[in-house]
Amino acid sequence: MEPDHIIESIKRTARELFRQNGYHKTSVNTLAKKANIAKATVYKYFDSKEMILHAILMDYLRASLQDILKTTKYEDDMASFLGFTILRVSRLTYTVCNELIGWEFIRESANAQEYLKTLSEDLEFLLLSTFIQNEKINEAISEEKLTFLIKSSKSIVFSFAFTAVSDADVRKNFISFQKEILPYLVQATVQ
């Protein structure tokens, strides 16, 4: 079997098992058995279960970001477009992490915190490269300013995971971010 097919099979099986049993209750042994491959084959393509999850999340975030960019109209109002896009991607990232991993685990696990750092860096790269590839955004805003907006927004949103005690706190933090912080970040970016 081709390596691409094996990788897709591992990710497809992992998505199914993570949804059914949860990330923490799914072992690499179970995943390999369900995918009809050897456990060593899983490790040939992925260093850890976290990296399988990471590949799944990045595929999902990449597709979602493309969908957001296609469906969001900005009709010459770059500030509104950027603010809306950053907010949607931030919520999406938080929701995906909350549903698949659980913030309690991330707060308590050194491995999960290392993974969160990797996710954060890859999300930053994904957003920046996607925005730069968008002709209208690239013409209107410098890479330096886009980097500022993305890094600042990402840092604030990821801090929610470590400071919020409840879902109500998270909602309050997102409302505060949307109304009190993001408009200033966007203004600094588009000026």
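1. UniProt positions are given here in the numbering of this chain, with feature names shortened, and such annotations may be inferred rather than shown by experiment. The unreviewed UniProt entry places a "DNA-binding region" at residues 27–46. Over residues 27–46 the chain is 75% helix and 0% strand, with the end C-alpha atoms 14 Å apart; helices (H or I, at least four residues) and strands (E, at least two) are DSSP runs, numbered from the N terminus.

2. This is a predicted model, in which local features need pLDDT of at least 70 and side-chain atom pairs count only at pLDDT 80 or more, while totals for chains, interfaces and linings use all residues. Residues are numbered from 1 along each chain as its sequence is written, and side-chain values use heavy atoms, with hydrogens and water left out.

3. Asn36, which is not a glycine, has a positive phi of about 60 degrees, and its place is in the loop between helix 2 (28–35) and helix 3 (39–45). Most residues other than glycine have a negative phi. Asn36 is exposed, with a relative accessible area of 70% (exposed means over 50%, with a 1.4 Å probe and protein chains only).

4. A cavity is a set of points, on a 1 Å grid over the protein atoms alone, where a 1.4 Å probe fits but cannot get out, and lining residues have an atom within 4 Å of a point.

5. Residues lining the largest cavity include Ile86, Leu123 and Lys154. Helix 5 (78–100), helix 7 (110–133) and helix 9 (143–163) each give two or more residues to this lining, and helix 9 gives the most, with five.

Conventions. 1 Å grid on protein atoms, 1.4 Å probe; cavity = no way out; pocket = protein on both sides within 12 Å on 5 of 7 lines; lining within 4 Å. Buried < 20%, exposed > 50% of the residue type's maximum accessible area, 1.4 Å probe, protein only.
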